[in-house]
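Work through the exercises below with the sequence and the model open. Each task is followed by its solution.

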Amino acid sequence: GESVGAAIPNNDWWRSKVKLLEDKAQPLSTVAPGIYYEKDGYWPVLKLVWMMQSLGFYMPIMDKMRQAGGWDSIHFIDLCAGSGLTRIAGGPGKPERILLGSALIGANESRFDHYHFVEPDAVRAAALQARLAVLHNPAKFTVHATTANQAIPAIAAALKSHRNAHFLAFVDPEGLSETTVPDLDPLLAGRGDFIFNFHSTAVKRVPEALASAFFGDSDWPRDGSRADLLKFFCDKLRAHGRPRSTSIHIEAGVGSYEYEIVYAAAQTKGDNPWLANFAKVVEQRMAGMDGKMLRDIIEGGQTALF
């Protein structure tokens with residue numbers, strides 16, 4: 001992880017992170033070419049960088065605990081995996097950028113003992129399988145080409161086959177449609193940490209029935225603020241076995257793109273002290289971020305860092 005107070009200007013720091021995601025994607029983009037996660041706008045870059053950074057904080061600590069006998073294995077789980085690569089379309093006259101997606105961000109951390117991915121689309125699942133095979137022996141990863149609610153019990157069973165497994169799970173359900181809080185029960189019953197990308201604004205955009213299914217409760221605050229919806233979500237996690245969760249607000253300019261990184265940890269004696277440092281890094285690196293700055297990070301600075 002990064003220490004707080006690093007004297008790297010924010011634009012240069014962000015460009016270096018985007019370049020890292022691009023450099024690591026480059027050798028994988030020739031595998032199943034053309035099959036990407038595609039999204040209008042540059043906002044997915046924020047999410048991908050913070051996923052990579054959170055992994056950089058989590059893994060050294062858990063690896064040290066494993067070496068000390070705390071865990072017999074550490075697992076990575078991505079419940080909304082996609083094909084593993086993200087395509088960022090360039091502006092007029094600018095080239096497209098191919099970056100690691102969440103699944104391959106996890107897979108590029110080699111210290112996990114096993115990797116579990118869920119992607120119901122057969123074409124994207126096959127592309128992910130082929131890309132993962134470049135990085136790891138196929139015995140080290142499992143791609144579930146099915147829905148999350150069908151795959152989660154199998155993943156939970158695989159974890160239980162170990163004496164004392166720990167896991168980190170990425171959960172980023174686009175439009176709240178890929179998994180639900182009740183679906184997560186078999187994993188919430190285990191020892192592991194969850195990093196959610198919780199789009200409070202999406203709750204009010206999707207059909208009410210879909211939001212109710214996501215929470216497992218139809219009594220969610222329909223007229224509530226972002227903070228009300230976040231509290232309701234964290235209360236649901238608490239009711240499903242995660243009493244301690246911390247959120248970090250990501251907002252790229254007032255009234256623009258925003259979501260919450262919600263870290264729901266298995267309870268520990270140390271209370272996850274690394275999380276406070278991660279929150280400080282997020283606050284520092286988001287300072288001044290808006291649409292213009294993000295566009296400059298993606299499109300500008302070619303001679304310096306790209």
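**Exercise 1: a tryptophan and its core**

Task: list the residues that tryptophan 50 touches, leaving out those up to four places away in sequence.

Solution. Contact means heavy atoms within 4.5 Å. By that cut-off, Trp50 touches Trp13, Trp14, Ile250, Tyr259, Ile261, Phe278, Val281, Val282, Arg285 and Met286. This is a predicted model, where local features need pLDDT of at least 70 and side-chain atom pairs count only at pLDDT 80 or more, while totals for chains, interfaces and linings use all residues. Residues are numbered from 1 along each chain as its sequence is written, and side-chain values use heavy atoms, without hydrogens and water.

Buried means under 20% relative accessible area, exposed over 50%, with a 1.4 Å probe and protein chains only. The largest such core has 61 residues, and Trp50 is among those with the most contacts inside it, as are Trp14, Tyr58, Phe117 and Ile250. Helix α2 (residues 44–67) gives this core twelve residues, the most of any contributor. A second, separate core of 36 residues includes Cys80 and Phe167.

**Exercise 2: the faces of α5**

Task: which residues of α5 are buried, and which are exposed on the other side?

Solution. Helices are DSSP runs of H or I with at least four residues, and strands are runs of E with at least two, numbered from the N terminus. In α5, Ala148, Ala151, Ile152, Ile155, Ala156 and Leu159 are buried. They fall within an arc of 140° (directions from the helix axis to the C-beta atoms), so they line one face of the helix. Gln150 and Lys160 are exposed on the other side.

Methods:
A nonpolar core is a set of buried Ala, Val, Leu, Ile, Met, Phe, Trp, Tyr and Cys residues joined through side-chain atoms within 4.5 Å.
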